[in-house]
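Trainee: Please take me through the surroundings of the ligand in this model, one piece at a time. I would like a close look at that part.

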Amino acid sequence: MEIKLFNTMSGKKEIFKPIIKNCVGIYGCGPTVYNYAHIGNLRKYIFDDTLVRMLEYNGYNVNYVMNVTDVGHLTSDADEGEDKIRKQALKEKRSAYDIAKFYERAFFDDTSKLNIQKPDVVCRATEHINAMINLIKRIEKNGYTYLAGGNIYFDISKFKDYGKLAKLNLKELKSGARIDVDKNKKNPHDFVLWFTESKFKNQEMMWESPWGYGYPGWHIECSAMSIEYLGEQFDIHTGGIDHINVHHTNEIAQAESATGKKPWVKYWMHIEFLTSTEGKMAKSKGGFLTLQSILEKGYNALDYRYLCLNTHYKNPLMFSFDALDSAKNARERLNRKILEIRKNVDFSSSAKKDYHEIFHEAINDDLNLPKALAVLWDVLNDKDLGDKEKYNYVVDFDKILGLGLEDLEEEKIELNSKDKALIKERELARKNKDWKRSDEIRDILAKKGIILKDTPNGVKVELK
Ligand code: AMP
Ligand code: ZN
C-alpha cells in the first residue's frame with residue numbers, strides 16, 4: 001500500500017519512495033540536554049516513534065538516527081546568546097559534561113515511559129567533533145566560508161538555494177534583518193561553523209581544529225552526524241516547526257555545499273507545537289511541564305501518549321489538564337474493554353469490514369493517527385466481531401499506537417484528584433439532602449465511565 005507524507009520542502013503530500021529499495025534512513029533532531037525535556041519536546045519524539053513504527057509496519061528496514069546536542073546550542077538559534085549547557089552548568093555548579101549526561105539520562109527515562117522505541121543510533125555531538133571538522137573542511141574547500149574575528153562563517157550569499165526549505169526571500173531577509181550583534185558577519189544570516197574567538201573564554205568544552213582551539217557552531221553537528229550514519233543523501237529528516245527557518249535551513253546549506261549532491265534529504269517532516277494558554281511551550285520560558293510533573297499529578301505517561309496520538313502532528317496541540325483528563329479516561333476505558341475481550345476465546349465473526357485495510361490506509365496517509373485511533377474504537381464497538389478477532393486487531397494496531405495494549409494488567413481503580421474531589425462533594429451533598437447536585441455529580445462521573453453505587457456500607461466505585 002502506498003505511503004503519503006507531507007514534505008515541508010514541496011509543501012505537499014507526496015508518495016513516499018525511499019532512495020534504496022525497502023530501506024529507510026531517518027534523522028531526527030534530538031534533545032539539547034541542558035534541562036529536562038518538556039512535554040512539547042516529547043510530542044516530537046512520540047511523532048518520530050510512530051513514524052518509525054508505521055514504516056516498519058509497511059515492511060521497511062528503518063535506520064533511525066537521533067543526535068544528542070551536548071555542546072554548541074546557544075540561547076538563540078542564530079549565533080547569539082550563551083551556550084545553553086554552559087549556562088546551566090554555571091547555575092547548577094556542575095561540569096558541562098555532568099549536566100549533559102544527567103539530562104540525557106532523564107530524557108531517555110521519559111521516552112521509555114512513553115513507550116518510545118530507542119533509536120537505532122544515538123550520537124552525541126561531543127563524540128563527533130572530527131566528523132564536524134572534516135565537513136567544515138569540505139565546505140571551506142568548496143569556497144562557501146570566510147574567516148573573521150577568529151571564527152569561520154558560512155557565507156550564505158555563495159549558496160544559491162539558501163532558504164528554500166523555509167521559502168525565505170534573501171533580498172527581504174537582508175533588508176528586514178535585525179541589527180546583528182556579531183560585527184564579523186558579512187550578512188546577518190551568515191552563521192558560525194567553528195568558534196575560536198569564544199565569547200566565553202573559560203569554555204569547558206573545546207577542541208583543536210585547523211582554525212584554532214574552539215568549539216562548533218550548533219548546526220554543523222546534524223549535517224555531519226547524519227552524513228556519517230546515513231550517507232550523503234537520505235530519506236527523511238524530522239524536527240519541530242521552529243527548526244525550519246534557521247537550523248534546518250543551515251543544515252541543508254552545509255550538507256549540500258560540502259557534498260555537491262542535491263537534495264541532501266528527500267522528505268522533510270515538521271511537527272507543530274504543543275501550546276498552552278501562554279503560547280508555545282518552551283524551556284527558555286520556564287513554567288513548562290515535564291513528564292515527571294504530570295506523573296506526580298497521578299497521570300500515566302501513556303495518557304499523554306494517547307493525547308498526542310489524538311491530534312494530527314501537523315496541527316497545534318493545545319495542552320490543558322481537561323484534555324489530559326479526557327485522554328486518561330478514554331485510555332482507561334480502552335484498557336478495560338480490552339481486558340474484557342481478552343478473556344473470551346470465541347472466533348465467530350460476521351464482520352462486514354476489513355479493519356486492517358482501513359487502519360493501514362489511515363496510518364499511511366501522512367500518519368493520520370486520530371483516524372487510526374477511531375478505527376480501533378470502531379473495532380471494539382463492532383457487534384458483528386468476535387472478541388478473539390477484536391483482540392487480534394488490537395494487538396496488530398498497537399504495533400503503531402504503542403499504548404501497551406498487549407501487555408495490559410488488571411488495573412487498580414485509580415481516580416484522579418478531580419474525580420476524588422467530586423465524589424467527596426457528592427457525599428456532602430447527600431448529607432445535606434441536596435439530591436439535585438448529588439445526581440448531577442453522579443451523571444458527570446458516569447459519562448467518564450465511573451459508576452457510583454450507594455450501598456449500606458457507603459459509596460462503591462466501579463469503572464465501566
Ligand atoms: P530542543 O531540546 O530544544 O533542541 O528541542 C527538541 C525538539 O523539540 C526539537 O525538534 C524542537 O523543534 C521540538 N520542540 C520544541 N518546543 C516544542 C513544542 N512546544 N512543541 C513541539 N515540539 C517542540
Ligand atoms: Zn538538528
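**The shell around ligand 1**

Mentor: By class, the shell around ligand 1 holds 5 nonpolar, 8 polar and 5 charged residues. Keep in mind that this is a predicted model. There are 18 residues around the ligand, and T32, D242, L274, M281 and K283 come nearest.

Take the polar contacts next. T32 uses its side chain: a polar atom there lies 2.8 Å from an oxygen atom of ligand 1. G240 uses its backbone, with a polar atom 3.1 Å from an oxygen atom of the ligand. On its own, ligand 1 has 500 Å² of accessible area, and the protein covers 95% of it.

Now the elements behind the shell. Helix 1 and strand 10 (234-240) are the ones that give two or more residues to it. Helix 1 gives the most, with 4 residues.

Helix 11 spans residues 355-364, and its buried residues are Y355, F359, H360, A362, I363 and N364. Its N-terminal end is capped by D354, where a side-chain oxygen lies 3.0 Å from the backbone nitrogen of H356. After helix 11 comes D366, with a positive phi near 50°.

Methods:
Residues numbered from 1 in each chain as written. Chains lettered and ligands numbered in written order. Predicted model: local features only at pLDDT ≥ 70, side-chain atom pairs only at ≥ 80, totals over all residues. Heavy atoms only, no water. Buried < 20%, exposed > 50% of the residue type's maximum accessible area, 1.4 Å probe, protein only. Polar contact = N/O pair within 3.5 Å; in protein donor to acceptor, adjacent residues only side chain to side chain. Near = heavy atom within 4 Å. Areas by Shrake-Rupley, 256 points an atom, 1.4 Å probe, with all protein chains shown as cover. Nonpolar A, V, L, I, M, F, W, Y, C, P; charged D, E, K, R; others polar.
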